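Please keep the structure open beside you as you read.

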Amino acid sequence: MGFHHVGQAGHQLLTSADLSKMKVTLSALNTSESSFTPLVVIELAQDVKEETKEWLKNRIIAKKEDGGAQLLFRPLLNKYEQETLENQNLYLVGASKIRMLLGAEAVGLVKECNDNTMRAFTYRTRQNFKGFDDNNDDFLTMAECQFIIKHELENLRAKDEKMIPGYPQAKLYPGKSLLRRLLTSGIVIQVFPLHDNEALKKLEDSWYTRFALKYQPIDGIRGYFGETIALYFGFLEYFTFALIPMAVIGLPYYLFVWEDYDKYVIFASFNLIWSTVILEVWKRGCADMTYRWGTLLMKRKFEEPRPGFHGVLGINPITGKEEPLYPSYKRQLRIYLVSLPFVCLCLYFSLYVMMIYFDLEVWALGLHENSGSEWTSVLLYVPSIIYAIVIEIMNRLYRYAAEFLTSWENHRLESAYQNHLILKVLVFNFLNCFASLFYIAFVLKDMKLLRQSLATLLITSQILNQIVESLLPYWLQRKHGVRVKRKMQALKTDIDATLYEQVILEKEMGTYLGTFDDYLELFLQFGYVSLFSCVYPLAAAFAVLNNFTEVNSDALKMCRVFKRPFSEPSASIGVWQLAFETMSVISVVTNCALIGMSPQVNAVFPESKADLILIVVAVEHALLALKFILAFAIPDKPRHIQVKLARLEFESLEALKQQQMKLVTENLKEEPKESGKEKAT
């Protein structure tokens with residue numbers, strides 16, 4: 001069974017009769033099926049008590065009206081197999097076809113109708129949707145099915161339980177998510193979706209197994225991994241092709257060593273227009289894709305407190321529900337008295353390391369000038385290579401510290417946690433990666449050293465990222481896979497161990513932590529390409545070469561190195577769009593300043609430096625104005641998408657009006673009856 005995930009759209013309004021029909025259908029579902037397609041695995045700790053297991057099982061299979069999830073649930077191994085194989089406390093979760101369809105309605109999946117419009121799926125109107133057939137199990141992708149199961153498990157709420165049975169220290173309160181409490185208490189180790197090996201093989205064959213220049217199967221990636229990951233790969237592909245014009249135009253500048261400032265003005269101006277246009281065009285393409293997938297129509301749901309959030313139990317004034325409350329002033333104190341000073345200290349340490357790097361550069365240059373040998377000319381690149389490696393190490397260490405601090409700040413919502421984490425990481429990474437280049441450009445004013453440092457930092461960081469993110473994890477995963485297969489071959493048993501082997505292999509895989517690091521890598525690459533484009537025009541060419549291999553290594557990582565992540569709906573690349581736009585604004589300022597500092601430009605204004613500064617600032621302001629005019633002139637959504645969204649909004653309002661009119665009519669019919677009764681009295 002499969003699924004194309006999407007959000008709420010069209011706001012089809014359910015009547016009470018529709019809701020009662022859904023309840024009737026749900027109550028008739030059988031949750032005792034012993035054989036079903038396993039979609040999600042739950043791993044419990046080895047020492048979990050039997051009463052806890054039984055309680056968890058009953059809550060998962062119980063009917064919705066009784067506070068359960070009404071899903072299918074069984075252990076990976078039966079009693080006989082547990083005696084033969086090592087018992088791993090692993091359980092499989094699935095759902096019947098009808099349960100999935102009702103779940104699709106509950107989470108607000110949007111699907112394409114027979115009239116080519118996108119609407120929120122409802123079980124009652126299921127025959128109106130393209131590709132739906134009562135005998136067809138492929139209407140929903142496997143990724144969507146797994147998302148529905150995750151949603152249902154996360155929405156298992158405590159009723160009147162005060163604690164998890166068998167664990168008095170694991171306190172519960174009405175409305176608390178049971179899965180989150182089980183995870184934070186260490187009773188549940190992990191919950192992960194299973195790979196579909198046949199579908200995965202088909203996706204790999206069309207994606208990365210043949211090293212050819214071709215478009216990625218973005219819709220296939222979305223069908224298997226969900227919208228968030230599909231959007232990352234879509235953006236990676238788009239960004240790579242968008243870099244090609246910059247690479248082509250930059251090659252003559254590098255090969256012919258042009259030094260005339262007027263040529264660099266042309267290149268820098270093109271860079272400005274290019275960086276603005278590609279980001280605006282991406283927004284349009286992204287809107288087109290996410291409308292087709294349905295996520296553009298998704299409405300934001302009220303966010304639950306994040307799993308790590310803690311505080312004194314109280315009543316939420318907005319929802320009226322009992323949940324942990326934490327004073328905002330305490331969080332602000334933690335941010336401004338601890339987190340902010342720590343980030344500043346890390347930034348200072350980064351600058352200190354940078355000054356050590358410049359001391360090494362001076363030492364290497366002095367050594368080369370004294371000896372003049374070929375060996376010492378190679379040594380000139382060593383400080384930059386060492387510094388690039390140190391930058392990568394510092395970035396990764398700081399990331400752990402930033403995650404710990406942001407978690408300690410105790411943000412209530414996941415979105416607030418992510419925003420604070422991204423801000424901390426972006427500020428440090430920007431300074432750590434680019435501070436030395438700004439120092440060389442505007443303090444030392446050594447363009448030759450700037451070009452050398454930029455090339456070394458860019459190429460070294462790209463090689464290190466490929467090794468650390470993909471090659472090393474893949475090698476470790478292959479070693480683990482060989483060990484598991486040997487263990488399975490050693491078992492003298494008649495059991496069909498294919499599923500067992502798959503689950504054991506996948507549970508030991510690393511967990512994919514999201515697209516944060518992947519976008520960060522592209523963000524820094526965009527900085528190297530755009531900030532100092534007039535000094536090192538070849539940067540775009542190296543970025544293109546890296547990204548062609550990055551597509552394949554990231555695809556390999558998703559398919560073979562990490563566990564399959566749960567599908568997550570997304571309508572855009574989120575805060576990263578703003579980050580890239582901010583970088584493009586900074587690049588205008590740096591390129592104008594670099595051209596203003598060039599000897600050719602200074603020769604035009606030998607007497608008055610003030611006039612030069614005024615002209616550079618005026619040009620920079622004019623370019624920024626052009627940039628914002630372009631951003632305003634290019635609509636974020638194509639015209640046909642705007643029309644479709646407006647039509648859906650109109651239909652929603654009309655449906656709401658009709659429902660209100662129906663209620664008014666019913667009330668007017670009731671009024672004469674009531675007045676007749678009063679007269680009789």
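How many residues of strand β1 (residues 40-44) are buried? The answer is five of its five, so to say a mostly covered strand. Buried here means under 20% relative accessible area, with exposed over 50% and partly exposed in between (1.4 Å probe, protein chains only). Helices (H or I, at least four residues) and strands (E, at least two) are DSSP runs, numbered from the N terminus.

Before going on, a word on the source: this is a predicted model, where local features need pLDDT of at least 70, side-chain atom pairs count only at pLDDT 80 or more, and totals for chains, interfaces and linings use all residues. Residues are numbered from 1 along each chain as its sequence is written, and side-chain values use heavy atoms, with hydrogens and water left out.

**The whole chain**

The chain holds 22 helices and 10 strands. Of its 681 residues, 48% count as buried. Contact means heavy atoms within 4.5 Å. Among contacts between residues at least 6 apart in sequence, 76% join residues at least 24 apart.

**The sheet around β1**

In a regular strand the side chains alternate between the two faces of the sheet. In β1, V40, I42 and L44 point one way while V41 and E43 point the other way, and all are buried.

Two strands pair if DSSP finds at least two bridges between them. By that rule β1 belongs to an open sheet of four strands in the order β2-β3-β1-β8, with antiparallel pairing. The edge strands are β2 (72-75) and β8, each of which pairs on one side only. Neighbouring strands of this sheet are turned by 20° against each other on average, direction ignored. Axes are lines fitted to C-alpha atoms, for helices over the stretch in contact, and angles run from 0 to 180 degrees between N-to-C directions.

The pairings can be set side by side:

| Strand pair | Bridges | Direction |
|---|---|---|
| β1 and β3 (residues 90-94) | four bridges | antiparallel |
| β1 and β8 (residues 188-193) | five bridges | antiparallel |
| β2 and β3 | four bridges | antiparallel |

V40 has V93 in β3 as its bridge partner, and I42 has V191 in β8. R74 stands opposite L92 in β3. Helix α5 (residues 142-154) lies across β1, β3 and β8, and runs at about 40° to β1.

**Helix α11 and its neighbours**

Two packed helices are described by the angle between their axes and the distance between the axes. The axes of α11 (residues 328-371) and α14 (residues 414-444) come within 10 Å and cross at roughly 30°. These two helices are therefore roughly parallel to each other, as angles under 35 degrees count as roughly parallel, over 145 as roughly antiparallel, 65 to 115 as roughly perpendicular and the rest as oblique. α11 passes α14 in a right-handed crossing, a crossing being right-handed if the near helix is turned clockwise from the far one by less than a right angle, and left-handed if anticlockwise.

On the α11 side, the residues that meet α14 include I335, V343, L347, L351 and F358, and on the α14 side they include V427, F428, L431 and I440. The residues of this contact divide into 16 nonpolar, five polar and one charged. Ala, Val, Leu, Ile, Met, Phe, Trp, Tyr, Cys and Pro count as nonpolar, Asp, Glu, Lys and Arg as charged, and the others, Gly among them, as polar.

What about α11 and α13 (residues 382-408): at which angle do their axes cross? They cross at roughly 175° and come within 11 Å, and α11 and α13 are therefore roughly antiparallel to each other. The residues of the contact of α11 with α13 divide into 18 nonpolar, three polar and two charged.

**An enclosed helix and some single residues**

Helix α16 (residues 498-507) has eight of its 10 residues buried, so it is largely enclosed by the rest of the structure. Among the buried ones are Y500, V503, I504 and L505.

N410 lies in the loop between α13 and α14. Phi of N410 is near 65°, a positive value in a residue other than glycine, and N410 counts as buried at 0% relative accessibility. N116, in the loop between β4 (110-112) and β5 (118-120), has a phi near 70°, which is also positive. N116 is partly exposed, with a relative accessible area of 46%.

Lastly, A633 lies in helix α21 (residues 609-633) and is exposed, with a relative accessible area of 54%. A633 and E280 are 353 residues apart in sequence and 9.5 Å apart in space, C-alpha to C-alpha.
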